[in-house]
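Please look through this model before our discussion. My notes are meant for someone who has not seen it before.

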Amino acid sequence: MIQCLYKKIPRATDEFMRTHRRGARLKREVSFVWAIMTVWSAFALFLRLTAAKANAGDKGSDMSLTGHIHSFESFGTVDGPGIRFVVFMQGCPMRCLYCHNPDTWAAGAGTEYTSEDVASRVLKYKNYFTGGGGITVSGGEPMLQAEFVRELFTLLKAKGIHTALDTSGIMFSAENPRAFDGLLEVTDLVLLDIKHIDDGEHKKLTGHSNKNILAFAEYLARINKPVWIRHVLVPGITDDDGCLSRLKAFISPLSNIRKVEVLPYHTMGEVKYKKLGMPYALEGVRPPEPDRIKNAREILSIK
């Protein structure tokens, strides 16, 4: 019996060892398969994430920027050449004493539109843009929403529409002069409002220095961007022969100036201040006399 038992022990041991080796081999095979599955799952997840990111990018490129707009004017004739569609943007850092649109000052107010919405509105009037007409974006201060305006101008220039930017230039900085190059590349004409040539008087009139504005004028000359200078003539403030002569001396060397417009001060905006419950700083100031308007235009005329 003991001999029989001794004979069975080696066989059992051999069977155990064979079973153990098969188990170890199976365990290695299972581990290998598991590793393959883990790598494949990670790769599949990477592919899904990459595809999702690409789709998001595609959707983003199709999306149009939005801007805050105060109002529109369909047949403008005083904001650039020809007949123009004028967009009045919302928001302005300046507080010009003679501003006739104080309701455009608050940034973020107004109505929100996409650039495609506005482009679609403009294109309805394309056949009326005679005499070199097109679109003018004014304000408020349009350079506060420069990326929106850039996208809008890009859409419209692709349709052959002339673009004009009516700005004070207050957003320009000599420390970063190329910040608005993207916008200027799709702008055919800049209407630059120089409020006052004297820095101290400019601060009294607008609440800001004119240094950035004058630097912007010089930068526009360096890149040879066509400009119309606009200057509001206000009795007792800007209607001064000495200041007008200084302004003429500043703009005379700028070879990109195509036109200088003297805009007579008016009181049509005074009623808005009353509606808004705001004091009107120039109450009692009357529009300039015709001879003073003629005088200013003669001083500021360019050849």
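The points below go from the overall chain to its pocket, its cavity and some local details.

1. Basis. This is a predicted model; local features need pLDDT of at least 70, side-chain atom pairs count only at pLDDT 80 or more, and totals for chains, interfaces and linings use all residues. Residues are numbered from 1 along each chain as its sequence is written, and side-chain values use heavy atoms, with hydrogens and water left out.

2. Confidence. Where pLDDT is low, the predicted coordinates should not be read in detail.

3. Overall build. The protein chain has nine helices and eight strands. These are DSSP runs, numbered from the N terminus: helices are H or I with at least four residues, strands are E with at least two. Of the 303 residues, 40% are buried (under 20% relative accessible area; exposed is over 50%, partly exposed in between; 1.4 Å probe, protein chains only). Among contacts with a separation of 6 or more, 76% join residues 24 or more positions apart.

4. A pocket is an open set of points on a 1 Å grid over the protein atoms alone, with protein on both sides within 12 Å along at least five of seven lines. Lining residues have an atom within 4 Å of a point. Grid points are joined across faces, edges and corners, and a volume is the space filled by probe spheres set on the points. The largest pocket has a volume of about 860 Å³. Its lining has 32 residues, with H100, N101, S138, D166 and L263 nearest the centre. β1 (66-76), β5 (162-167), β7 (227-233) and β8 (257-264) each supply at least two of the lining residues. β1 gives the most, with three.

5. The lining of the largest pocket has 13 nonpolar, 11 polar and eight charged residues. Ala, Val, Leu, Ile, Met, Phe, Trp, Tyr, Cys and Pro count as nonpolar, Asp, Glu, Lys and Arg as charged, and the others, Gly among them, as polar.

6. The cavity. Helix α7 (residues 241-251) gives the most, with three residues. The space is about 30 Å³.

7. Helix α7. C243, L244, L247, F250 and I251 are buried in α7. Down the helix axis they fall within an arc of 120° (directions from the axis to the C-beta atoms), so they line one face of α7. Their cover includes α6 (211-222), β7, β8 and α9 (290-300).

8. Backbone details. The peptide bond from G139 to G140 is cis, with omega near 10°. G140 sits in the loop between β4 (134-138) and α3 (146-157). N224 has a positive phi, near 55°, and lies in the loop between α6 and β7. At 47% relative accessibility, N224 counts as partly exposed. Most residues other than glycine have a negative phi, and most peptide bonds are trans.

Note on methods
On a 1 Å grid over the protein atoms alone, a cavity is a set of points where a 1.4 Å probe fits but cannot get out, and a pocket is an open set with protein on both sides within 12 Å along at least five of seven lines; lining residues have an atom within 4 Å of a point. Contact means heavy atoms within 4.5 Å.
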